[in-house]
Amino acid sequence: MRPAAPLRLLLSSLCLALCCPGGARGSRGSDNHEWKKLIMVHHWPVTVCKEVENDCRDPPDYWTIHGLWPDKAEECNGSWHFHLEEIKDLMPEMKMYWPDVIHPLNHSHFWKHEWEKHGTCAAQLDALNSQKKYFGGSLDLYRDLDLNSMLQKLGIKPSINYYQVSDIKDALAGIYGVIPKIQCLPPQQGEEVQTIGQIELCFTKELRLRNCTEPGEPGGPGGPAPRRPRAGVSGGTGLEVCEDGPAFYPPPPGAVP
Ligand code: 5GP
C-alpha cells in the first residue's frame, strides 16, 4: 500500500517551494555542512525512558518526533539562536507530537537543542529556512507519514511477544515504498533481546521519500550486519541499527499488552 494521498500532496507542494536548495540563509558554508538526505526520526517514548533510566512518568503511548535531521551536518549556524516565540502558533502540536519525553515539564530545551544541532542545517532548504518552517514542516511530515496509524494497520503493536526486525522493516517498506532504518537498544544485562527505539524515514532534499539505507550499507539489504556489542553484557547503552532477529516493542508501563 502506498502512503495516503495527503502525503504525496504535501510532498509535491513542499517540492514546489524549493526554488533554491543551496541558497541557505544561515548556513555557514555548504562545504563544511554538505548533506544529502533528511531523516525524520520517530522515537518510542517507552524506550527513550528506558535508555536514560530516569523516572519519566507516563510516557506517551504513541511514536513521537525526535527530530528532522540532515544526514551529515550538525550545528551549521551557531549564531542562529532558538526563539520560542517564533513557534508559538505550533505549541499545542509541538507538545503533543514533539514532546521532550525525558523532561516533560520543559520541552523548550529539547526544541532548542534540535534547532541548533539539526534545524540550522536543514534550513539550507528554502522550505525549512526559518524556525517556523523547520518545526512546522517537520510536524507536517510526521502527520503525513502517520506512522502510528500505519503500524496499527499492520498489526504491529507493543507486545510482550517479540517481533522479527525484518518483518517490521519489510512491512514499513511495503507501506512507504522505501527502506526505513530501525534502531534498537542492545540487550541490557538480563535481557534476551534488543528493544526497538527509533524508526527513521528518509527524504531527499526535494522532500521526496527515499531509502534510508542502500544495498551494501550496514543494516541495508545485502549489507554487513550492524556493529553490535556482546549481547547480554551490561553497559550497551545508546541506540544502534537493530540486528536482524527478534526485538522487543515494549508496552507502556501499566498497559495490558
Ligand atoms: P540528537 O542530539 O542528535 O538530537 O539526539 C541524540 C540525543 O537525544 C541523545 O543524547 C538522547 O539521549 C537525546 N534524546 C532522545 N530523546 C530525547 C527527549 O525526548 N528529550 C531529550 N531532552 N533528549 C532526548
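Biologist: Which helix gives the most to the shell around the ligand?
Modeller: Helix 4 does, with 5 residues. Helices here are DSSP runs of H or I, at least four residues, and strands are runs of E, at least two, numbered from the N terminus. This is a predicted model: local features need pLDDT of at least 70, side-chain atom pairs count only at pLDDT 80 or more, and totals for chains, interfaces and linings use all residues. Residues are numbered from 1 along each chain as its sequence is written, and side-chain values use heavy atoms, leaving out hydrogens and water.

Biologist: Which residues come nearest to the ligand?
Modeller: D100, V101, H113, E114 and K117, of the 13 residues around the ligand (a heavy atom within 4 Å).

Biologist: What lies 2.8 Å from an oxygen atom of the ligand?
Modeller: A polar side-chain atom of K117. An N or O atom in the D100 side chain is 2.7 Å from a ligand nitrogen atom. For H43, a polar side-chain atom lies 3.4 Å from a nitrogen atom of the ligand. Polar contacts here are pairs of N or O atoms within 3.5 Å.

Biologist: New topic. At what angle do helix 4 and helix 5 cross?
Modeller: Roughly 100 degrees, between axes fitted to C-alpha atoms over the stretch in contact, on a scale from 0 to 180 degrees between N-to-C directions. The axes come within 10 Å. The two helices are therefore roughly perpendicular (65 to 115 degrees).

Biologist: Which residues in helix 5 does helix 4 meet?
Modeller: Q131, Y134 and F135. On the helix 4 side are W111, E114, W115, H118, G119 and A122 (contact means heavy atoms within 4.5 Å).

Methods
Parallel < 35°, antiparallel > 145°, perpendicular 65-115°, else oblique. Polar contact = N/O pair within 3.5 Å; in protein donor to acceptor, adjacent residues only side chain to side chain.
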